[in-house]
Amino acid sequence: MQMARHEWSQAAKLNPANSTIANNYAYILYKLGENEEALVWYRNALKISPNRLPFQLNLGDVLTDVGNVKEAKAFYERYLELAPLSPTASSIRGWLEEYDQHNGLVKPRQYEETSSRSFLNRVQDFFLDIENQ
């Protein structure tokens, strides 16, 4: 994983305006537990491509993991605005409702498909993402 970190770091330095590289580098950082640095790169990816569906979810997931659920909620809501009929949308709606029911005092369960979404759901999200660009 450290080798992947190094390679994506180099790619990000060479292509600072490439949102996909920024997102992928952030993912590696997240998997290595470098959440604060991952947040910087996920935010960068969204700054470059604000309507990319996976970026909304990824940033929301890391924010949730670091305990910033209130801010994460905004990214999940944005995802639902962009793709209300996506395969992941109903799960996200479910935990947003749970969050609202607890007035934000209880960390809601992560939506079911955070890191293990099925291949089919990923393909469907990919095509929805292309349509939104």
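Let's start with helix α1: the cover over its buried residues includes α2 and α3. Keep in mind as you look around that this is a predicted model.

Which residues of α1 are buried? They are S9, A11 and A12. Looking down the axis of α1, you would find these buried residues within an arc of 165°, so they line one face of the helix. The other side of α1 has M3, K13 and L14, which are exposed.

With 13 residues at 1.5 Å a residue, α1 should span 18 Å, and its end C-alpha atoms lie 19 Å apart, which agrees.

The largest nonpolar core holds 33 residues, and W41, L59, Y76, Y79 and I92 have the most contacts inside it.

As general background, nonpolar side chains tend to be buried together in soluble globular proteins.

One more residue is worth a visit: N58, found in helix α4. Is N58 buried or exposed? Its relative accessible area is 19%, and because buried means under 20%, N58 counts as buried. Leaving aside residues up to four places away in sequence, N58 touches N23 and Y42.

Definitions and conventions:
Residues are numbered from 1 along each chain as its sequence is written. This is a predicted model: local features need pLDDT of at least 70, side-chain atom pairs count only at pLDDT 80 or more; totals for chains, interfaces and linings use all residues. Side-chain values use heavy atoms; hydrogens and water are left out. A nonpolar core is a set of buried Ala, Val, Leu, Ile, Met, Phe, Trp, Tyr and Cys residues joined through side-chain atoms within 4.5 Å. Buried means under 20% relative accessible area, exposed over 50%, partly exposed in between (1.4 Å probe, protein chains only). Helices (H or I, at least four residues) and strands (E, at least two) are DSSP runs, numbered from the N terminus. The expected span of a helix is 1.5 Å times one less than its number of residues. The arc is that of the directions from the helix axis to the C-beta atoms. Contact means heavy atoms within 4.5 Å.
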